[in-house]
Amino acid sequence: MPIIILEGIDGSGKSTLAQRLADKSPLPARIEHRGPIKDTVQAEYVNPLFEVDENELLIADRWHVGEMIYGPLYRGKSMVAPYLGAVESILDWFGAVRIIMSPPIEVVRERLDVRGEDYLEPEHVELVHKAYEDFAWQYNYQLLTDVADHQLDYILAAAMKHQERQHVIAGRR
């Protein structure tokens with residue numbers, strides 16, 4: 001079961017990229033979105049990874065990193081922070097491809113204005129944008145400003161590699 005985690009500030013293009021990847025995927029794709037945390041870290045970010053069919057692509061249109069960045073800003077703390085290492089280790093074990101979308105700040109502001117964003121306050125846009133970029137560097141996520149059509153194949157191939165390794169380990173090749 002290949003997994004692609006898409007993170008980034010509101011208006012960065014995660015949902016658009018998720019749909020483009022799902023449309024091009026050779027496997028049935030399921031797009032899941034996470035907003036503000038409503039349950040435990042395990043229920044929100046770990047259990048769903050174990051519930052994906054092995055012949056299905058899971059595309060996470062925002063996952064745990066959003067809680068790391070927006071949680072402290074809007075609720076005073078992140079529910080994920082104490083478990084970040086564990087969540088990242090599980091994503092490593094699954095071979096998840098992890099991407100943070102980070103278009104130029106002017107593009108983000110324009111997109112937020114067009115869609116009438118009401119969650120991310122305008123005075124926080126630069127702070128959140130920088131926090132995602134810092135997270136990408138610290139945790140070795142791919143940092144992309146935009147994704148051309150030919151890059152979709154690369155992202156999907158990287159995700160599919162893990163599925164091939166799992167089949168070899170399980171003797172199903």
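This is a predicted model: local features need pLDDT of at least 70, side-chain atom pairs count only at pLDDT 80 or more; totals for chains, interfaces and linings use all residues.

I began with the outward side of α6: opposite its buried side, the helix carries Glu126, Trp137 and Gln138, which are exposed. My cut-offs: buried is under 20% relative accessible area, exposed is over 50%, and partly exposed is in between, with a 1.4 Å probe and protein chains only. Helices (H or I, at least four residues) and strands (E, at least two) are DSSP runs, numbered from the N terminus.

Residues are numbered from 1 along each chain as its sequence is written, and side-chain values use heavy atoms, with hydrogens and water left out.

**α6, the inward side**

Next I listed what α6 hides: Val125, Val128, His129, Tyr132, Phe135 and Ala136 are buried. Looking down the axis of α6, I get these buried residues within an arc of 125 degrees, so they line one face of the helix. The arc is taken from the directions from the helix axis to the C-beta atoms.

Contact here means heavy atoms within 4.5 Å.

I also checked the length. α6 runs over residues 125-139, has 15 residues, and reaches 21 Å from first C-alpha to last, close to the 21 Å expected. That expectation is 1.5 Å times one less than the number of residues.

**α5 and its meeting with α6**

In α5, I find Ile105, Val108 and Leu112 buried. Down the axis of α5, its buried residues fall within an arc of 60 degrees, so they too line one face of their helix. These buried residues pack against α6. On the face of α5 turned away from them are Glu106, Glu110, Asp113 and Val114, which are exposed. Gly116 follows α5, and its phi is positive, near 70 degrees.

How do α5 and α6 cross? Their axes come within 11 Å and cross at roughly 125 degrees. I used axes that are lines fitted to C-alpha atoms, for helices over the stretch in contact, with angles from 0 to 180 degrees between N-to-C directions. The pair is therefore oblique (under 35 degrees counts as roughly parallel, over 145 as roughly antiparallel, 65 to 115 as roughly perpendicular, the rest as oblique). The contact is made by Ile105, Val108, Arg109 and Leu112 of α5 with Val125, Glu126 and His129 of α6.

In the loop between α5 and α6 I looked up Glu123. Glu123 counts as exposed, at 56% relative accessibility.

**α2 on α4**

Val41, Val46, Leu49 and Phe50 in α2 meet Val87, Ile90, Leu91, Trp93 and Phe94 in α4.

**Ile5**

Leaving aside neighbours within four places in sequence, Ile5 is in contact with Ala60, Trp63, Leu91, Ala96, Val97, Arg98 and Ile99. Ile5 and Leu91 are 86 residues apart in sequence, yet 9.0 Å apart in space, C-alpha to C-alpha.
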